Amino acid sequence: MSLPLLVVILGPTASGKTALSLHVAERLQGEIVSCDSVAIYRELEIGTAKPSQEERRRIPHHLIDAAGPEEIVTAGDYSRLARLAINDISARKHLPIVAGGSGLYLRALLEGLFPGPPRSDELRSRLRERATERGTEYLHKLLCRLDPGAAQTIHANDVPKVVRALEVSISARSPMTGLWKQGRDPLQGFRILRVGLNPDREALYQRINQRAREMFSAGLLEETRILMERYGSSVWPLNSLGYKQAMQHLRGELSLEQAIMAAQQGHRNYAKRQMTWFRREPEIHWVADFGSNAAVQEQIVDLIRAKAES
RNA sequence: GGCGCGGUACCCAAGUGGUAAGGGAGAGGUCUGCAAAACCUUUAUGCGUCGGUUCGAUUCCGACCCGCGCCU
């Protein structure tokens, strides 16, 4: 008997992943595992374009609203939680459908991460202090000494990645690139079918513009204001697209129209980055259209059925 | 009609008598625990048009065109 099927629906923002996953879940007795690094937080509703309460009642969703806004859910955290959810769904004989656009999180789930230490906020803040004192080149020079291999791969200006490499090398007391060689821990026990949504770029950008504007008229500013009051403006998820620009407007740094345009721009740039990430993902069945398209939905249902029976 | 200011890439914009900064957009790329993050690469044989001066003009001169402001 062959392994159970795991369906993965990926694509850039606003490409219709939610619509497609909902349709597939409905037709094939599926449950959805979100792969979205921001929708995982509670109380961030409008800016994350989460599926509606009604949709969530109809189809079970996992890893949406799994953490509070003051928490940080890393790729590693996500991977562990998502694997639990997938195994659970599979045990109930339902079809697990992973849907989302967070590339790193998806890779962490499917291919796993290297056996490194988790993030350490104390170490990080110490390193960042040094960086502001002596300049960012200092961190990279330090990395040259601790892990020359990583220093070569990571650009000196890319502070977050340099910091992580240092964090790993220091707290594990051995170079990060050495730990990389121990390999990853891929998800096992499933046959994976990846479906990628790749609508025409121009059409996607128009959709993004429209959706970003709608978020503002649907109350994004008010939602952001409440979150700022409750948790402060420095909590991580408020740094996300849309929320960041809403905060800038609330602080008087941008006019409403400027904030909307900046949010649109941010989402467009993000969609482009997502596509470059996904292009190198293996074995994706690409669809050059939006997931909200009924013909696409039928086609994918058929594809999954065929695959399930093979 | 007169005077003044300006016309440099898709947009904003610096600049020099000796071969066109920078930023944004667009495109491509990187990514091994903050990733809706961060970072990298790339884009004008061309500086409103036509002449002139010069070894050499985007830069100086003249005329013209366009935009803005003021005056009549």
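Which residues of the largest nonpolar core touch the most other members? Before I answer, a word on the model. It is predicted, so local features need pLDDT of at least 70 and side-chain atom pairs count only at pLDDT 80 or more, whereas totals for chains, interfaces and linings use all residues. Residues are numbered from 1 along each chain as its sequence is written, and chains are lettered from A and ligands numbered from 1 in the order in which they are written.

The core has 43 residues, and those touching the most other members are Val7, Val8, Ile9, Val33, Ile97, Val98 and Leu109. By nonpolar core I mean a set of buried Ala, Val, Leu, Ile, Met, Phe, Trp, Tyr and Cys residues joined through C-beta atoms within 7 Å; buried requires 20 or more other C-beta atoms within 10 Å of the residue's own, with C-beta atoms placed from the backbone. Strand S1 (5-10) gives this core its largest share, six residues; strands here are DSSP runs of E, at least two residues, and helices runs of H or I, at least four, numbered from the N terminus. Apart from this core lies another, of 19 residues, including Leu238 and Met247.

Let me turn to RNA strand B. Surrounding it are 46 residues, each with its C-beta atom, placed from the backbone, within 6 Å. The closest are Ser37, Val38, Gly76, Phe114 and Arg119. Helix H13 (256-279) is among the contributing elements, and its ten residues are the largest share of that surface.

Finally, valine 162 sits in helix H8 (residues 159-171). Valine 162 is buried because 23 other C-beta atoms lie within 10 Å.

Methods:
A residue is buried if 20 or more other C-beta atoms lie within 10 Å of its own, exposed if 12 or fewer, and partly exposed in between; C-beta atoms are placed from the backbone.
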